[in-house]
Amino acid sequence: MLGEWWNANVVDVENQGLATGGAPNNSNAYTINGLPGDFYNCSQNQIYKLNVVRGKTYMLRIINAALNNQLFFGIAKHNMTVVAVDASYTKPYVTEVVVVAPGQTTDVLITANQPVGSYYMAAAPYASATIPFPNTTTRGVLVYNGYKSSSAPLMPALPNPRDTSTAYRFSSNLTGLAGGPQWVPVPLQVDEHMFVTIGVNLDVCAEGMTCQGPLNNRLSASMNNESFQLPTTLSMLEASVYNVSGIYTTDFPDNPPVKFDYTNANISLDLNLIFAPKSTKVKKLKYNSTVEIVLQNTAFLAIENHPIHLHGFNFHVLAQGFGNYDSVNDSKKFNLVDPQLRNTIGVPVGGWAVIRFQANNPGVWMMHCHLDVHLPWGLAMAFEVENGPTPSSTLPPPPLDKC
């Protein structure tokens, strides 16, 4: 499990950033299974060790539990074979490096086929945005049984933190294991088409305050120019079940209010586009309807890769690419045979991804950026899926005892 460490209470870190309108402080270290490793001065003896037997094959489930950073991961001298992502099987894919975003999991097989020795496993950031980030490396060590030497382990060669080409090559080359266990074919009939822009925005600083965001404003974020706010008096699910009005509205737009050159860096601080109103809006879906969403990145403030996570469903990733999505030409690239099936997709920096899912799980389900800093800023929306025709497809009411 890959994580982040702050020399502070992370809730306090987040609240401080929200209070000032700026970004929260960066983490002080990355971790592997809770241990920073010997690359940091203060943790020379706090390193995760994995003992292996030469000739055996092991499965590692790599989970990115970090809050705000995507990570490259590798093991010196050992290839990894990806066999699943987000608990869905893939066709085997051999790689020297894995990139995993917050909220994603990647299952890999490694064979202990190197000379008996010790080998570092390491994780370092994939930082697609041109903003400050914690550029450090966490290390664990893979040790072959019977190895007695005290010499330093070998280190894997990890990509440069700005290496978008490696990150894209990894994520775009994964395919689903069509016909394998738990495989779900791509639904071909689409009922709902959505085009959703994603990105970081600004919010006006309150009168009399000094805010630390650009142009003395507060940092914000949005989908389709709607900056999501969680309700404070009642949960959205309870409001849906008990038909309580005033908690949210059902008019989340299928398209952005204005069409523009989404990935053009010249719009970075376009004051006519960059402010997004706060709202609590959902998109209503019929039970079992099929939804296709173009997730379009934007160039506001700092263009970057956004890992978009959908609660309650897996989705097929039909295609992804750079620039503005072209409905005529890019739709020809759709993989309808064996696309990867997952619940979190890193939308390429300055690019797009197309996902498709079947709304067969009634309730209220959020879709949001899994970079934790972007969620309270508003990079989210929600789907309200209606009940189905049977008791098993009908959502029961929330329990009376909420403890």
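A cavity, in these legends, is a set of points on a 1 Å grid over the protein atoms alone where a 1.4 Å probe fits but cannot get out, and its lining residues have an atom within 4 Å of a point. The model is predicted, so that local features need pLDDT of at least 70 and side-chain atom pairs count only at pLDDT 80 or more, while totals for chains, interfaces and linings use all residues. Residues are numbered from 1 along each chain as its sequence is written, and side-chain values use heavy atoms, with hydrogens and water left out.

**View 1. The largest cavity and its lining.** The lining of the largest cavity is made up of 18 residues, and those nearest its centre are Val99, Ala167, Ser171, Asn305 and Gly346. Helix H2 (164–173), a DSSP run of H or I with at least four residues, gives the most to this lining, with five residues.

**View 2. Lys278 and its surroundings.** Lys278 is partly exposed, because its relative accessibility is 31%, which falls between buried (under 20%) and exposed (over 50%), with a 1.4 Å probe and protein chains only. Beyond its neighbours within four places in sequence, Lys278 is in contact (heavy atoms within 4.5 Å) with Asp203, Ser220, Ser227, Gln229 and Trp377. Asp203 and Lys278 are 75 residues apart in sequence, and their C-alpha atoms are 8.7 Å apart in space.

**View 3. Side-chain polar contacts of Lys278.** A polar contact is a pair of N or O atoms within 3.5 Å, where, within protein, one must be able to donate a hydrogen and the other to accept it. The side chain of Lys278 makes such a contact with the side chain of Ser220 at 3.1 Å, and another with the side chain of Ser227 at 2.8 Å.

Note on methods
1 Å grid on protein atoms, 1.4 Å probe; cavity = no way out; pocket = protein on both sides within 12 Å on 5 of 7 lines; lining within 4 Å. Helix = DSSP H or I, 4+ residues; strand = E, 2+ residues; numbered from the N terminus.
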